[in-house]
Amino acid sequence: FVNKNVDLLVVSPNETDAIASIVETAYDRGIPVVIVDRKLNSSKYNAFIGADNFQIGKSVGNYISSLSAGNLKVVELKGLTNSSPAEERHEGFVSAFAHHPNLEVVASVDAEWLRDVAFEKMDSLLIAGTDIDVCFAHNDMMAYGAYEAARKHHREKEIKFIGVDAIAGKGLGIEAVQNGFFTASFSYPTGGDKVLQTAMNILEHRPYPKVTVLSTMAVDSLNVENLL
């Protein structure tokens, strides 16, 4: 795309480092770059659009603490190492613990954003006899994998599952909340409309924000029917 001298690039990085150098090359050549969803280890871009993953992680920690006045043993299934959402959701989640001494993380493992990997990790924890009250997965697909592992061990009723994305559709997060598989999922807006608005503002030389933070909310039994 850089060699073809496109007018603008929209980039959603898989990891923070892998594509940074080519994005910098595009930027240095005068091609505007809009970064979406995940951040780069670089400041050479025109605009970033995405949710506040640190705040999502912190909100999940606060939500879990509200589930019980007693102590809760929590498993965290993290997204891919070196991806900014995974790092920031983990950091936000950990930051909530300073205010909630009733929470204890008994395991925090990388499940690579993948349902099958999450199943394997959760299965191993359950085989080892790990005491788990709540499973927080960094996305709904990993939460599904963990739920399936718990069901294999007949423990799905005693563990609360919380994911991130809250997308509507068959087999996705909102349906899992509606069916009672997940206690909650935190919405993660995709922001496609904001991406196109920002791109057109750049191309037509109108003002635009360097950073656009998309809002999130908890989806649970209290509001899932209204959202659907």
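User: Helices (H or I, at least four residues) and strands (E, at least two) are DSSP runs, numbered from the N terminus. In this predicted model, where is the place of Ala-69?

Analyst: The model is a prediction, and its helix α2 covers residues 53-66. Strand β4 covers residues 72-78. Ala-69 has its place between these two elements, in the loop between α2 and β4.

User: Does Ala-69 count as buried or exposed?

Analyst: The relative accessibility of Ala-69 is 84%. A residue is exposed when this value is over 50%. Ala-69 therefore counts as exposed.

User: How many Å apart in space are Ala-69 and Asn-102, C-alpha to C-alpha?

Analyst: In sequence, Ala-69 and Asn-102 are 33 residues apart. In space, the distance from C-alpha to C-alpha is 7.4 Å.

User: Where do the buried residues of α7 fall when seen down its axis?

Analyst: The buried residues of α7 are Val-195, Thr-198, Ala-199, Asn-201 and Ile-202. Seen down the axis of α7, they fall within an arc of 160°, so they line one face of the helix.

User: Which strands are included in what covers the buried residues of α7?

Analyst: Helix α7 has twelve residues and reaches 17 Å from its first C-alpha to its last, close to the 16 Å expected. The buried residues include Val-195 and Ile-202. What covers the buried residues of α7 includes β1 (9-11), β2 (33-36) and β3 (47-51).

User: Which element gives the most to the largest nonpolar core?

Analyst: The largest nonpolar core has 30 residues, and those with the most contacts inside it are Leu-77, Met-122, Cys-135, Ile-159 and Phe-161. The elements giving two or more residues to this core are β4, α4 (115-127), β6 (134-137), α5 (140-152) and α6 (173-178). With seven residues, the element that gives the most to this core is α5.

User: Which residues does Met-122 touch, not counting residues up to four places away in sequence?

Analyst: Met-122 is among the residues with the most contacts inside the largest nonpolar core. Leaving out residues up to four places away in sequence, Met-122 touches Ile-132, Cys-135, Ala-146, Ala-149, Ile-159 and Phe-161.

User: What kind of aromatic pair do Phe-93 and Phe-97 form?

Analyst: The structure holds six aromatic pairs. Both Phe-93 and Phe-97 are buried, and together with Phe-136 they form one aromatic cluster. Their ring centres lie 5.0 Å apart with 75° between the planes, and an angle over 60 degrees is the criterion for this kind. The pair of Phe-93 and Phe-97 is edge-to-face.

User: Which residue lies over the face of Tyr-45?

Analyst: Arg-115 lies over the face of Tyr-144, at 4.6 Å from the ring centre. Over the face of Tyr-45, at 4.3 Å from the ring centre, lies Lys-210.

User: How does Asp-37 count in terms of accessibility?

Analyst: Asp-37 lies in the loop between β2 and β3 and has a positive phi of about 75° although it is not a glycine. Its relative accessibility is 22%. Between the cut-offs of 20% and 50%, Asp-37 counts as partly exposed.

Technical notes. Residues numbered from 1 in each chain as written. Predicted model: local features only at pLDDT ≥ 70, side-chain atom pairs only at ≥ 80, totals over all residues. Heavy atoms only, no water. Expected span 1.5 Å × (residues − 1). Buried < 20%, exposed > 50% of the residue type's maximum accessible area, 1.4 Å probe, protein only. Arc of directions from axis to C-beta. Contact = heavy atoms within 4.5 Å. Core = buried A, V, L, I, M, F, W, Y, C linked by side-chain atoms within 4.5 Å. Phe/Tyr/Trp six-rings, centres within 6.5 Å; stacked < 30°, edge-to-face > 60°. Lys NZ or Arg CZ within 6 Å of the ring centre and 35° of its normal.
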